Every structure is written in C-alpha cells, then in structure tokens.
Amino acid sequence: MNVLVIGNGGREHTILLALKKSRRVEKLYCMKGNAGTAEIAENVGVDYMNIEAVKKFAEEHPEIDYYVVAPDDPLALGLVDELEAMGKRCFGPRKNAAIIESSKAFSKDLMKKYNIPTAEAQTFDSYDKALQYVREKGAPIVLKADGLALGKGVLVCETLKQAEEGLKEIMLDKSFGAAGNVVLVEEYLKGLKYNPGEEVSVLAFTDGKTIVPMITSCDHKRASDGDRGLNTGGMGTFSPCPFWTKELEQEVLKTIMIPTMNAMNAEGRTFKGCLYFGLMRTDKGMKVVEYNSRFGDPETQVVLPMLKTDLMDIFEAVTDERLADIKIEWEDGACVCVVLASGGYPLSYVKGKEINIGDIGDVTVIHAGTARKDGKLVTNGGRVLGVVAKGKNVEEARRKAYSAVHKIEWDGMFYRTDIGVKYREG
C-alpha cells in the first residue's frame with residue numbers, strides 16, 4: 001500500500017516511523033512534512049488547510065491507497081469527509097465527530113448530558129457575564145478558550161487577579177483568535193496527592209463499536225522545570241503513567257471511554273479514529289479534563305514506539321469497523337520523550353538556526369520544527385526535536401534520553417530537565 005500522512009510535526013514523524021515497520025506499506029508520503037519525514041517519506045508541498053488543494057492532489061495521485069489525517073485543524077474543517085466523498089480510505093474522524101475537540105463547549109455539554117465525570121463548568125460568550133461568574137467563584141479556577149488553540153488555550157489561574165487578566169487575554173485581547181469568542185470557566189480539579197494533580201493521557205483506537213485504550217502517558221505542559229512558566233503544546237512525555245493499573249483502566253473504560261463512544265453514537269456523531277482522553281485522578285474518582293480528536297503530540301512519541309502490532313492493520317480495522325477482530329499488543333518497559341525547543345517558545349522565536357546532532361546511539365530523534373536549508377538541518381518551529389529513548393523503566397529511559405540531549409545543540413536551544421519525574425513523591 002501507498003500511504004499519505006497529513007501533518008508536519010513530531011506526531012506525524014512518529015506515525016510514519018510506525019507505518020514504515022508495516023509489512024503492508026510500500027511507499028510513504030507526508031503533507032507537508034519536515035526534514036525528518038523527508039528521510040522516510042516523500043514530502044508533498046501542499047497546504048493541508050486548503051481543502052480544495054488537497055482534493056486536487058488526491059485526484060492527481062490515484063496510486064495513494066490510504067490517508068491518515070493527523071492534526072486537529074484539518075479534521076475540524078472536514079478533510080476526512082471530503083476525502084471519503086472522493087472514495088478515499090482514511091484514518092481520522094469526520095467533521096461532526098471532530099467537534100469533540102474543536103468545541104470545548106460541545107464536549108462539556110456532551111459530558112453533562114451523558115453523565116460522564118468531569119469538572120463543573122459554565123460557558124460564556126459575554127465577557128461581562130464571564131467576569132461576574134469568575135468573581136463569584138473565586139480562585140483557583142480554570143479558563144479554556146472554546147476553539148482550537150494549538151494546545152495553549154487553557155489558563156490555570158491560581159489567584160483572582162490572574163483569572164481576571166486571563167479572561168481579558170482570551171475574550172478581549174483575542175490572544176487565541178476566534179478560539180476565544182466563547183470561554184469555559186471551569187472548576188479547578190485537584191489530584192489525590194500532587195499539586196496541580198495527577199493527570200494522565202490515554203489515547204484510544206475506536207471504530208464506533210469497539211474502543212481499545214493504548215498504553216498510558218504523562219505530558220509536561222509548562223515551559224519550565226517544576227511545571228512553571230507558560231503553557232506550551234508539550235515539553236516532554238513519559239510512558240507508562242506510574243499510578244495506572246488494570247483496575248483503573250477497567251474503571252475508566254466503564255465510566256468514561258465506553259460512555260463517550262456511545263454518547264457520540266447517540267448524537268449521530270460516530271467517532272472513528274484516535275480518541276484522546278486527558279484524565280485526572282481526584283478524590284471523587286477519574287474525571288475528564290479534555291478530549292482530543294487525534295493522536296496527542298508529544299504523547300504519540302512515547303506510545304507508538306512501544307506498539308508491537310502492525311499499525312496499518314489497526315488503521316484499516318478502524319476504517320472497516322472491525323477493530324474487535326484485532327489483538328493490539330505492546331512492548332514491556334518504558335519510553336521517554338524530551339522536547340528540544342527554540343529560545344522564546346511558546347512566544348516569539350527565531351527560525352533558521354543550524355542544528356548539530358552528535359552520536360546518540362540507539363536513541364531516536366523525532367523531527368517537529370525542522371527543515372533543510374542549503375543542505376544543512378535548521379530549526380523551523382517552536383518545538384524542534386523530540387529525543388525518544390526506551391528502557392526497562394522510566395529512570396533508565398530518561399537517563400538515555402538526556403545523555404542524547406547533551407549531544408544535540410543549536411543557538412538558543414532549551415529543554416526541561418525534569419521530564420519523567422513529574423509524579424515523584426515529595
């Protein structure tokens with residue numbers, strides 16, 4: 001088969017590396033890709049946010065058998081719908097199902113309607129009414145821009161002053177653009193032992209009939225060590241989550257995952273693809289923090305490297321609604337991803353810095369914001385590389401990852417030094 005993966009970040013590079021292992025995949029394409037994807041796939045210079053341009057490319061390339069739509073924005077625009085209408089086989093939800101991520105107001109209403117455990121929240125399209133509500137509730141409190149905001153549209157406000165400033169930033173200053181036209185003001189969830197709480201990301205394959213959770217991962221969202229600094233798209237991940245058990249998985253399947261799949265079916269919005277559950281363990285049980293309608297980034301970078309089953313087999317089983325027939329198996333051990341970012345990220349940063357990578361052994365470098373310029377590897381984004389290492393446990397994996405990090409450099413490179421130690425007691 002010839003397979004095209006849509007997207008140009010670390011998630012897409014990771015998906016391509018997994019598909020490269022498939023006995024059934026002959027040639028890989030990536031739209032638009034980066035310097036890393038170019039080493040294993042043919043990069044296609046088409047803007048995937050231009051639906052008509054993607055359709056034109058698909059018409060002109062009948063040799064491509066399968067499309068994987070990986071990022072949230074084209075899913076929200078309905079790219080899967082358009083490709084399927086042309087008779088193309090795809091992995092990814094249709095537009096009416098991708099709304100579970102593209103509108104936080106929709107997903108919150110869905111959870112309320114179907115009694116899926118989540119934080120209490122109110123939705124506002126009026127700044128004045130939102131401000132009044134925030135002042136009534138006090139802090140700590142969480143503000144969420146309703147729409148897509150590159151993983152950055154969530155503000156955890158520890159004081160009332162922060163909440164008032166955050167609300168102005170989202171609704172009046174439009175820091176996240178139109179995503180902030182509507183805002184969710186949400187209860188601050190506190191975990192059992194740790195502050196700000198025990199969070200876990202669980203990605204799941206689903207064909208609308210069956211839902212199969214993947215191995216767990218934990219994301220580090222803040223820019224600086226100790227979960228300080230600005231929110232980012234993710235500065236690193238590790239797998240597995242230290243507090244996850246088989247018993248907890250069964251509880252989450254019963255109270256959250258299967259009810260979510262069934263709720264989407266009941267709403268006429270059957271979800272087929274990768275459904276991402278951002279969860280927190282609280283004194284009142286597991287609760288949904290957020291849904292994503294696709295593979296997470298950088299969660300994918302520590303999940304898919306541990307997959308033993310042929311990813312192409314899983315993708316097609318989802319497309320054909322026969323996921324129940326597939327046995328999905330995972331490697332034992334742990335995996336850690338340390339994100340290397342451009343100085344200034346997640347705010348402004350300079351592109352075009354030359355990257356030097358030394359001898360890193362069996363550690364994998366995942367490309368995100370990279371390009372080739374005059375034959376040299378250069379930075380081309382905020383999150384530039386992901387350094388991914390496996391080990392018997394998280395400690396071994398993180399030692400290997402950081403050993404490799406020290407052999408990579410460019411002007412202004414920065415990273416967190418505490419990936420994988422998020423839930424240590426004390």
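## Pocket, sheets and helix contacts

The largest share of the lining of the second largest pocket, four residues, comes from helix H9. The model described here is a predicted one.

The second largest pocket holds about 320 Å³ of space. Its lining is made up of 15 residues, and those closest to the centre are Met214, Ile215, Trp244, Lys246 and Glu249. Strand S11 (211–213) and helix H9 (246–266) are the elements that give two or more residues to this lining. By class, the lining residues of the second largest pocket comprise 10 nonpolar, three polar and two charged.

Four strands, in the order S11-S10-S16-S17, form an open sheet with antiparallel pairing. At its edges are S11 and strand S17 (285–292), each of which pairs on one side only. From one strand to the next, the twist averages 35°. Within this sheet, strand S10 (residues 198–206) and strand S16 (residues 273–282) run antiparallel and are joined by nine bridges. Thr206 has Gly273 in S16 as its bridge partner. Helix H9 packs on the sheet and touches S10, S11, S16 and S17, while its direction makes about 45° with that of S17.

Another open sheet of four strands has the order S6-S9-S7-S8, again with antiparallel pairing. Strand S6 (121–124) and strand S8 (154–157) stand at its edges with a single partner strand each, so one side of each has no neighbour in the sheet. The twist in this sheet averages 20° from one strand to the next. S6 pairs with strand S9 (residues 183–187) in the antiparallel sense over four bridges. Ala121 stands opposite Glu186 in S9. Helix H7 (residues 127–137) packs on this sheet, where it touches S6, strand S7 (141–145) and S9, and its direction makes about 155° with that of S6.

| Strand pair | Sense | Bridges | 
|---|---|---|
| S10 (residues 198–206) and S16 (residues 273–282) | antiparallel | nine bridges |
| S6 and S9 (residues 183–187) | antiparallel | four bridges |

Helix H7 also contains Tyr127. Which residues does Tyr127 touch, not counting residues up to four places away in sequence? They are Leu167, Lys168, Met171 and Leu172. For Tyr127 and Lys168, the separation is 41 residues in sequence and 7.7 Å in space, taken C-alpha to C-alpha.

A further contact joins two helices. Two packed helices are described by the angle between their axes and the distance between the axes. The axes of helix H5 (residues 95–102) and helix H6 (residues 104–113) come within 6 Å and cross at roughly 95°. Because angles of 65 to 115 degrees count as roughly perpendicular, H5 is roughly perpendicular to H6. On the H5 side the contact is made by Ile99, Ile100, Glu101 and Ser102, which meet Lys104, Phe106, Ser107 and Leu110 in H6. The residues in the contact of H5 with H6 divide by class into four nonpolar, two polar and two charged.

Note on methods:
Residues are numbered from 1 along each chain as its sequence is written. This is a predicted model: local features need pLDDT of at least 70, side-chain atom pairs count only at pLDDT 80 or more; totals for chains, interfaces and linings use all residues. Side-chain values use heavy atoms; hydrogens and water are left out. On a 1 Å grid over the protein atoms alone, a cavity is a set of points where a 1.4 Å probe fits but cannot get out, and a pocket is an open set with protein on both sides within 12 Å along at least five of seven lines; lining residues have an atom within 4 Å of a point. Grid points are joined across faces, edges and corners, and a volume is the space filled by probe spheres set on the points. Ala, Val, Leu, Ile, Met, Phe, Trp, Tyr, Cys and Pro count as nonpolar, Asp, Glu, Lys and Arg as charged, and the others, Gly among them, as polar. Axes are lines fitted to C-alpha atoms, for helices over the stretch in contact, and angles run from 0 to 180 degrees between N-to-C directions. Angles under 35 degrees count as roughly parallel, over 145 as roughly antiparallel, 65 to 115 as roughly perpendicular and the rest as oblique. Contact means heavy atoms within 4.5 Å. Two strands pair if DSSP finds at least two bridges between them.
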